[in-house]
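Open the model in your viewer and follow the stops below. Each one tells you what to select and what to look for.

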Amino acid sequence: MRWVFFFTTIIFTTTVFANDCVKNRAVIEIGNYNTKFFQAVLNVCKNKINRVLLQKSTVLNFRENLENKRPLAFKKDILQKAESKIKETIKELKGKPDVIILANNLFKETTNGNEFLRKLKDGPSTKIIFVSTKTKAVLNFISAYTILGDSPSKYLVWDIGASGMNLTAFEKGVYHSHNDNLSSITFKNMVLNAIKKKTHLKKNSPNPLKEEGVRSSIELIRLYTRFELKKEFLELAKNRLLIGIGGPHTKTLKKLISNNKNFYSKEEIKIAIDRYSNKSDSDINTPSPDMQVTNLIMIYGQMLELRKENLLTINTNIINASILYPSFWE
């Protein structure tokens with residue numbers, strides 16, 4: 001997928017008059033499992049955040065609170081709980097900010113999702129935006145690049161989220177992105193169904209995988225990646241530093257390998273896989289233990305196919321880029 005995005009040393013530009021440079025903005029990102037809040041005073045002339053006023057997140061599990069019927073709808077109790085929690089945090093916003101709500105496409109696909117979002121609007125200063133896959137890939141790249149600096153052509157940004165993953169590179173004024181539906185949950189279910197021969201509808205965890213399960217799971221993710229990734233994208237990815245963002249990169253690796261680093265070798269990841277492959281969920285002792293070992297395998301297998309020896313992880317998200325992204329605030 002390709003699209004043009006004008007790039008400067010500060011990522012993007014916007015035309016404003018000097019006396020209209022300072023803005024008070026807030027972003028609410030409603031995802032499948034987490035809802036994040038970010039408010040800041042910024043200088044839009046310099047594309048710079050001057051001061052962070054609020055930054056917090058809360059777990060609101062929309063994805064696993066869908067009614068078991070068609071058409072898709074959220075259970076009423078999750079919507080009531082979510083509305084109460086989000087409005088409670090909206091009251092904490094300082095001053096009178098312009099607000100955007102970044103909504104997951106799941107809210108488009110459900111019969112009661114749009115109505116829920118409308119209830120969160122607080123007057124004309126609040127705007128609801130459904131973020132497309134390609135826009136999210138750009139925002140992921142921008143969020144990482146604002147931390148990394150240097151030349152954007154040096155990096156390959158890899159996000160694994162709750163609803164899918166994307167790999168994004170920037171080359172000669174054009175973003176190139178590979179997107180698919182692979183996530184922690186979908187890969188865990190692939191392992192359950194194909195390797196453990198269990199239906200994910202009845203069994204939640206593939207652990208312990210043991211040696212043969214690990215070997216087969218690595219081959220599974222390698223075959224999947226080989227089929228999905230185009231040769232042109234693999235060629236583009238050469239000689240770029242692999243940057244990992246999203247929970248599997250920033251949480252699983254830290255919990256199962258080290259809490260004191262953010263740079264991991266392929267060999268370290270394989271050692272962690274072997275260390276945890278014989279453990280049950282209770283032995284792993286982390287949040288979502290059913291997905292931790294398969295997360296390691298998913299990352300390791302794709303690194304093999306990408307021909308990458310190392311991975312740098314960055315704890316960032318699209319909110320930081322969204323608050324300065326011009327088209328969201330027009």
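Contact here means heavy atoms within 4.5 Å. This is a predicted model, in which local features need pLDDT of at least 70, side-chain atom pairs count only at pLDDT 80 or more, and totals for chains, interfaces and linings use all residues. Residues are numbered from 1 along each chain as its sequence is written, and side-chain values use heavy atoms, with hydrogens and water left out.

**Stop 1: I297.** Select I297. Which residues is I297 in contact with, leaving aside its neighbours within four places in sequence? They are F187, L209, V214, S217, I218, I221 and I273.

**Stop 2: helix 11.** Now select 289–306, which is helix 11. Helices (H or I, at least four residues) and strands (E, at least two) are DSSP runs, numbered from the N terminus. Step just past helix 11 to R307, with a positive phi of about 60 degrees.

**Stop 3: the cores.** A nonpolar core is a set of buried Ala, Val, Leu, Ile, Met, Phe, Trp, Tyr and Cys residues joined through side-chain atoms within 4.5 Å. Select W158, L167, F187, L242, I269, I297 and I299. In the largest core, of 38 residues, these touch the most other members. Helix 11 gives the largest share, nine residues. Then pick A40, L139, V157 and L312, which are included in a second, separate core of 31 residues.

Stop 4: Five strands form an open sheet in the order 4-3-2-5-6, with mixed pairing. Two strands pair if DSSP finds at least two bridges between them. Strand 4 and strand 6 (126–130) are the edges, each pairing on one side only. Select strand 3 (34–43): strand 3 and strand 4 pair in the antiparallel sense over 10 bridges. Zoom to V41, whose bridge partner in strand 4 is R51.

**Stop 5: P71.** Select P71, in the loop between strand 4 (48–59) and helix 1 (76–90). Is P71 buried or exposed? It counts as exposed, because its relative accessibility is 54%. Finish by drawing a C-alpha to C-alpha distance from P71 to C45: they are 26 residues apart in sequence and 45 Å apart in space.

Technical notes. Buried means under 20% relative accessible area, exposed over 50%, partly exposed in between (1.4 Å probe, protein chains only).
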